[in-house]
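Have a look at the model on the screen, and I'll walk you through a few spots.

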Amino acid sequence: MLSFFYTTVGFYFNTMVVVLTVYAFLWGRLYLCLSGLETSIEAGNSSNNKALAAILNQQFIIQLGLFTALPMIVENSLEHGFLNAIWDFITMQLQLSSIFYTFSLGTKTHYFGRTILHGGAKYRATGCGFVVQHKGFAENYRLYARSHFIKAIELGLILTVYAGYSPVANGTFVYIALTITSWFLVVSWIMAPFVFNPSGFDWLKTVDDFDDFMNWIWFRGGVFTKSDQSWEAWWKEEHDHFRTTGLWGKILEVILDLRFFFFQYGVVYQLGISAGSKSILVYLLSWIYVVVALGIFALLSYARDRYAAKVHIYYRLVQFLIIVLIILAIVVLLEFTSMKFMDLFTSLLAFVPTGWGLISIALVLKPFLQSTVLWKAVAALARLYDIMFGVIVMVPVALLAWMRGFQSMQTRILFNDAFSRGLRIFQILTNKNLDLAAGWTETEVLGGCFIFKF
């Protein structure tokens with residue numbers, strides 16, 4: 001009954017609208033929070049809060065996805081019966097199907113939206129094979145960094161800032177009701193590739209994967225280097241669609257990238273060093289921090305290229321002098337201004353998105369910047385950001401790998417059907433090649449496994 005809907009363009013358009021609605025909702029709430037409108041509404045009329053809570057109480061069940069799953073339950077009820085439909089729904093939740101389908105929602109939205117903006121429709125290979133094959137962290141990052149990880153980090157940053165500065169966040173239930181589905185989206189987009197990755201939470205494999213990721217990041221390569229060997233080759237391929245996009249595609253891309261500067265515009269007024277001032281000068285002066293940070297980065301890059309290989313002591317001297325000057329500047333600001341120590345960490349919420357916004361705009365302007373000295377700095381800064389994004393994604397994976405029990409739990413979920421049929425999954429994972437060498441066929445080795453594919 002629903003096959004007609006799922007095989008048409010309308011399904012992809014609908015999934016894109018769902019994600020865009022989440023973006024519009026979260027950015028709208030962030031604007032209300034940082035602009036002070038939410039505080040004014042809270043102070044002006046407390047009855048509005050009661051009305052909001054009453055609406056959220058009714059909406060909470062809908063946000064859990066129970067009502068949005070009704071079409072599937074109704075269809076299964078007509079085909080298999082009501083009790084079987086309910087049991088299938090419960091089984092899907094236990095098999096973490098919600099995480100999988102939420103992740104696939106991001107895949108469809110990313111590539112469908114990119115095709116609308118820049119064209120270049122083509123088959124997008126996910127790169128995931130049989131579930132018995134472990135995929136390294138570097139490969140997962142190459143596949144899902146731009147489509148899922150960075151977007152999830154952006155939404156997570158919005159939710160974090162909103163939790164820190166919104167008066168609504170003081171009411172625990174109201175904040176949970178507003179943001180629980182958004183947090184579920186963030187967790188799904190970050191963790192799904194590892195949840196459905198065999199041995200994804202094995203500690204030794206996690207350590208090896210991170211070493212491989214760092215080697216991939218810093219490997220320079222050459223002309224014929226492939227994207228799976230070097231970060232530079234992957235970075236060029238990942239933004240290759242800007243070469244064929246039209247003028248309107250570039251203009252719309254720049255407009256969308258401007259959203260990253262709103263973090264700086266909103267957060268700098270919340271810092272203690274602003275002393276409660278709402279003048280536009282506070283925002284303009286905050287760009288001094290951005291210019292100084294970029295200058296320090298350029299100076300360190302120049303010193304590394306000039307002295308790191310031959311006169312290493314000079315490179316260390318430059319690093320030492322920069323650290324001393326930064327410490328002196330912080331001490332002076334703490335002593336003679338209203339700056340607080342927490343401003344050092346809070347300012348990261350403002351200026352880190354600004355740097356990513358500058359990189360994103362520079363990629364659109366690549367034809368004009370590629371022949372200048374700025375392009376080398378853009379590439380170096382982009383490499384630094386990808387290292388930071390990789391560490392952010394790796395932290396929860398490493399934490400779960402370090403804790404006992406998660407690896408066994410993941411294996412049981414992935415191979416639930418195989419366990420039910422009495423197969424020994426550990427032998428399949430470790431001795432598959434030995435079985436094939438002994439005369440077993442591929443079908444016999446993999447028979448009974450519950451296979452997931454992205």
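Predicted model: local features only at pLDDT ≥ 70, side-chain atom pairs only at ≥ 80, totals over all residues.

One definition before anything else: when I say contact, I mean heavy atoms within 4.5 Å. With that, take the contacts in the chain between residues at least 6 apart in sequence: 74% of them join residues at least 24 apart.

Residues are numbered from 1 along each chain as its sequence is written, and side-chain values use heavy atoms, with hydrogens and water left out.

So what is the chain built from, helices or strands? There are 22 helices and 0 strands. Both are DSSP runs numbered from the N terminus, with helices being H or I of at least four residues and strands E of at least two. Of the 454 residues, 40% count as buried. Buried is under 20% relative accessible area, exposed is over 50%, and partly exposed is in between, using a 1.4 Å probe and protein chains only.

Let's go to α16, residues 343-364. Of its 22 residues, 16 are buried, so this helix is mostly covered. For the expected span of a helix, take 1.5 Å times one less than its number of residues. That gives 32 Å for α16, and its end C-alpha atoms are 32 Å apart, which agrees. Still, α16 bends by about 35° at Leu349, with a proline, Pro353, following within four residues. The bend is the angle between axes fitted to the seven residues ending at a residue and the seven starting there.

Ser347 also lies in α16. Is Ser347 buried or exposed? Ser347 is buried, at a relative accessible area of 6%. Leaving aside neighbours within four places in sequence, Ser347 is in contact with Leu271 and Tyr289.

What does α16 pack against? One partner is α12, residues 247-257, at an angle of about 175° with the axes 9 Å apart. Axes here are lines fitted to C-alpha atoms, for helices over the stretch in contact, and angles run from 0 to 180 degrees between N-to-C directions. α12 and α16 are therefore roughly antiparallel. The cut-offs are under 35 degrees for roughly parallel, over 145 for roughly antiparallel, 65 to 115 for roughly perpendicular, and oblique for the rest. On the α12 side we have Lys250, Glu253, Val254 and Asp257, meeting Gly357, Ser360, Ile361 and Val364 in α16. Those residues divide into 3 nonpolar, 2 polar and 3 charged. Nonpolar means Ala, Val, Leu, Ile, Met, Phe, Trp, Tyr, Cys and Pro; charged means Asp, Glu, Lys and Arg; the others, Gly among them, are polar.

Another pair: α7 (97-118) and α8 (137-165) pack at about 110°, axes 10 Å apart. That makes α7 roughly perpendicular to α8. The contact splits into 4 nonpolar, 5 polar and 2 charged residues, and those in α7 include Phe103 and His110.

Next, α18, residues 374-402, reaches 41 Å from first C-alpha to last, close to the 42 Å expected. There's a kink of about 30° at Met394, shortly before the proline Pro396.

Last stop, Ser199, in the loop between α9 and α10. Most residues other than glycine have a negative phi. Ser199 has a positive phi of about 60° although it isn't a glycine, and Ser199 is buried, at 16% relative accessible area.
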